[in-house]
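Please read it alongside the sequence and structure shown here.

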Amino acid sequence: MRVLALETSCDDTCAAVVDGDGRIQANVISSQEVHDRFGGVVPEIASRHHLELVNLVVDQALADAGVALEEIDLVAATQGPGLVGALLVGLSTAKALAAARELPFAAVDHIQGHVAANFLAGEGGEPAFEPPFLCLIASGGHTLLTHVGEPGRFTVLGRTLDDAAGEAFDKGARMLGLGYPGGAALEQLAAGGDPEAFSFPGSRRDRLQGGRGPGRQAFANSLDFSFAGLKTALLYRLREMPEAQVRERAADLAASYQAAIVESLILRAEQALERTDATRLAVGGGVAANGELRRRLGALAATVHVPPRELCTDNAAMIASAALHGEHLPYPAYLGLDAYATGEGSP
Ligand code: KG4
Ligand code: ZN
């Protein structure tokens with residue numbers, strides 16, 4: 001079995017070839033840096049770029065894997081959630097590739113993909129992280145905690161009620177005058193700062209002071225996340241401070257803001273581990289690259305698995321992996337499939 005998968009839900013045009021044992025034969029990611037100057041992804045521009053890049057990226061993936069289209073047994077693509085125009089480019093291309101050879105097709109949910117990144121074999125062919133485990137996904141578009149009973153089946157325990165964790169990083173970075181996406185830049189700035197200098201909702205200091213951060217609010221019992229209050233708190237804090245002081249305290253502000261995001265993620269992960277008696281935790285999404293988050297994860301009473309960075313951020317290998325464990329539609333049953341932005345099809 002050999003899967004060719006496409007992922008175009010946001011601003012990365014991705015194609016991958018993965019074999020039936022979850023071994024990656026090619027994983028091509030073309031990031032559209034064109035959006036950086038707008039401070040966010042512009043959906044229509046993303047769709048147009050996907051259209052220009054998608055065939056090149058598929059050709060590159062087949063070339064990297066050293067296989068021809070004739071050697072592919074299953075075609076897969078992300079169906080949603082994401083930007084509909086962007087999704088349609090990958091979905092239509094993948095359906096056309098499959099139809100041309102009357103191959104079966106797998107329509108994959110993007111979140112299932114992030115979870116399935118854990119089922120891919122390591123570079124040395126070592127076995128993947130086996131369920132059951134808890135999975136924390138924290139990216140620019142989504143933040144959720146799931147319980148994975150077996151590949152392809154999971155239950156959502158909590159999700160963000162407003163902004164995603166990566167979005168909180170990006171918005172904070174923007175307020176601090178850093179580029180987009182700003183998570184990595186904010187982390188860099190935070191490295192020279194004091195995480196306890198400022199008290200933000202959700203931070204350890206805030207909670208120790210009996211603050212009303214997300215950990216203590218009405219949904220204290222749920223495993224949902226909330227980052228909108230934190231973003232507003234930073235905005236108000238910055239408004240109160242003279243410009244020179246903001247520059248002088250930028251590292252402390254970044255460190256305290258980062259600490260509050262990480263604290264929320266860790267708190268929920270800890271609560272989920274306690275409630276489910278799980279002992280294994282997988283982590284995915286772009287925010288998993290964050291060093292402070294990784295350090296705190298390492299201190300949890302659980303076996304923690306963080307796939308390599310290129311498998312944590314959006315990629316098509318994870319979509320191929322989900323396809324291997326999901327439903328395969330025979331030709332031509334998939335020709336009418338449509339993309340979805342949110343909701344339907346989402347777990
Ligand atoms: O998974 P991903 O590549 O795309 C989405 O599916 O959204 O995640 C991108 C997100 C961005 O919000 C980015 O700022 C964040 O991951 N990110 C980080 C770091 N590197 C990327 N956040 C915090 N620290 C980092 N080192
Ligand atoms: Zn994603």
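## Cores, helix packing and salt bridges

Leaving aside residues up to four places away in sequence, tyrosine 257 touches Ala168, Phe169, Gly172, Leu186, Phe200, Leu230, Lys231 and Leu234, where contact means heavy atoms within 4.5 Å. The model is predicted, with local features requiring pLDDT of at least 70 and side-chain atom pairs counting only at pLDDT 80 or more, while totals for chains, interfaces and linings use all residues. Residues are numbered from 1 along each chain as its sequence is written, chains are lettered from A and ligands numbered from 1 in the order in which they are written, and side-chain values use heavy atoms, with hydrogens and water left out.

Tyr257 is also among the residues with the most contacts inside the largest nonpolar core, which has 43 residues; such a core is a set of buried Ala, Val, Leu, Ile, Met, Phe, Trp, Tyr and Cys residues joined through side-chain atoms within 4.5 Å, buried being under 20% relative accessible area, exposed over 50% and partly exposed in between (1.4 Å probe, protein chains only). The elements that give two or more residues to this core include helix H4 (165-175), helix H9 (250-276) and strand S9 (280-284), helices (H or I, at least four residues) and strands (E, at least two) being DSSP runs numbered from the N terminus. H9 supplies the largest share, 12 residues. A second, separate core of 31 residues includes Val148, Phe154, Ala317 and Ala322.

H4 and H9 pack at an angle of about 175°, with their axes 11 Å apart; the axes are lines fitted to C-alpha atoms, for helices over the stretch in contact, and angles run from 0 to 180 degrees between N-to-C directions. The two helices are therefore roughly antiparallel to each other, a term for angles over 145 degrees. Ala165, Ala168, Phe169 and Gly172 in H4 meet Tyr257, Gln258, Ile261 and Leu265 in H9.

A salt bridge is a side-chain nitrogen of Lys or Arg within 4 Å of a carboxyl oxygen of Asp or Glu, and by this rule the count comes to 10, including those tabulated here.

| Asp19 | Arg23 | 3.1 Å |

Aspartate 163 counts as buried at 7% relative accessibility, whereas lysine 171, at 28%, counts as partly exposed. Both belong to a network of salt bridges linking Asp163, Glu167, Lys171 and Lys231.

Technical notes:
Angles under 35 degrees count as roughly parallel, over 145 as roughly antiparallel, 65 to 115 as roughly perpendicular and the rest as oblique.
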